[in-house]
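Here are my notes on the model, as numbered points. Please read them with the structure open.

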Amino acid sequence: MTRTTAKSWFWRGARDSLPFIFVAGPFGLLFGVLAAEAGLDLTMIFTFSMTVFAGSAQFAALQLLREDAPTLIILASALAVNLRVAMYSASLTPYLGGAPLWQRALAAYFTVDQSYSLSIVKFETEPAMTVPQRMAYFFGTSALIAPLWYTATLVGAVMGSQIPDSWALDFALPIAFLAMIGPMLRTPAHIAAALVSIVVAILAVGIPYNLGLLVAGAAAMMTGAQVELMLKRRGLFS
Amino acid sequence: MTNAGVPFDPATVWTVIIGLALGSFALRFIFIGMVGSRAMPEWVLRHLRYTAVAVLPALVTPLVIWPAATGGVMDTPRMAAAAVTLAVGYLVKNVLAAIFSGAATLYLLLFLLGG
């Protein structure tokens with residue numbers, strides 16, 4: 001019984017992830033193309049996508065490799081870009097923390113923007129879900145996207161510099177992120193957080209090594225939490 | 001594009017890949033793996049609710065205002081595409097619709113403005 005319902009939740013996760021095919025596909029392709037153009041070989045590019053499995057951090061690392069930045073700076077900056085997955089991990093913990101360790105370790109690997117944003121909305125709106133059902137849904141959201149990500153990277157790496165600049169693939173990343181942000185703006189607290197995030201990111205652009213991103217993220221999280229508290233006191237937050 | 005086509009020192013690249021792989025996994029594992037089912041305080045959860053909406057706009061903003069493809073010069077098609085993507089995502093609450101609207105805006109304006 002549990003097994004069959006878990007199975008159906010897995011497929012619901014996979015189905016809900018379908019729109020992200022149009023994100024992970026071009027995005028992976030783009031990483032492969034840019035990495036090949038920069039001079040990385042196929043083994044490097046494929047290992048990169050398989051083991052790191054984090055689009056924005058991979059792009060950041062690639063950019064800094066091209067700029068001949070010191071290795072430690074590259075690692076610190078790319079991990080800073082990826083710090084948000086630690087916050088995702090913490091945010092998922094109340095929902096998935098009861099699962100066996102090996103499942104949590106596997107879930108950790110698959111924690112990315114797409115699996116997180118789909119799952120957290122599902123878990124919040126369906127409080128009756130059991131831990132195995134949640135895990136099944138979570139893995140379902142990566143079942144198509146992760147293999148697609150690896151494949152697209154490899155295809156991009158093989159295509160290399162043959163893609164014309166007129167495709168403007170460079171803007172696939174911002175469009176993908178912005179498309180995710182729109183539906184997240186559910187309450188005034190979320191909107192306030194997003195606005196602070198944008199303003200601080202602009203003001204902090206001079207801070208080196210991507211640290212401005214962390215400053216903006218922290219300021220925006222505190223803003224969201226404070227606005228939520230304020231609205232709750234007035235009975236306006238549901 | 002300064003060193004396009006010139007291979008990096010492979011040792012540096014592998015150091016970055018392995019370090020990033022281990023570091024990224026550690027970041028993802030730290031809470032879900034170590035904290036497990038222990039309850040987290042409400043103030044932590046209240047901040048975490050805003051994680052995505054706090055970090056992603058800060059990540060995107062510089063890419064929109066100073067796009068790498070134009071050498072960091074503000075660019076009407078990309079600004080417009082960003083605005084349309086965000087607006088459609090907010091109003092329609094559909095990621096795919098937002099992506100298509102944004103991409104259509106970008107291609108249309110690049111075509112019209114001869115980008």
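1. Chain A reads α-α-α-α-α-α-α-α-α-α-α-α-α along the sequence. The count is 13 helices and 0 strands. Keep in mind that this is a predicted model.

2. How compact is chain A for its 238 residues? Its radius of gyration is 19 Å. The globule rule gives 18 Å for that length, and the two values are close, so chain A is as compact as a globular protein of 238 residues.

3. Now the extents. The C-alpha trace of chain A spans about 55 × 50 × 35 Å along its principal axes.

4. On burial, 53% of the 238 residues of chain A count as buried. A residue counts as buried when 20 or more other C-beta atoms lie within 10 Å of its own.

5. Next, the interface. Chain B puts 68 residues in contact with 82 residues of chain A. On the chain B side, the elements that give two or more residues are α1 (10-34), α2 (42-48), α3 (51-65), α4 (76-92) and α5 (95-112). Which of these elements of chain B gives the largest share? That is α1(B), with 18 residues.

6. What is the make-up of the side of chain B that touches chain A? It divides into 47 nonpolar, 16 polar and 5 charged residues.

Conventions
Residues numbered from 1 in each chain as written. Chains lettered and ligands numbered in written order. Predicted model: local features only at pLDDT ≥ 70, side-chain atom pairs only at ≥ 80, totals over all residues. Contact = placed C-beta atoms within 7 Å. Helix = DSSP H or I, 4+ residues; strand = E, 2+ residues; numbered from the N terminus. Nonpolar A, V, L, I, M, F, W, Y, C, P; charged D, E, K, R; others polar. Rg over C-alpha atoms; globule rule 2.2 N^0.38 Å. Buried ≥ 20, exposed ≤ 12 C-beta atoms within 10 Å, placed from the backbone.
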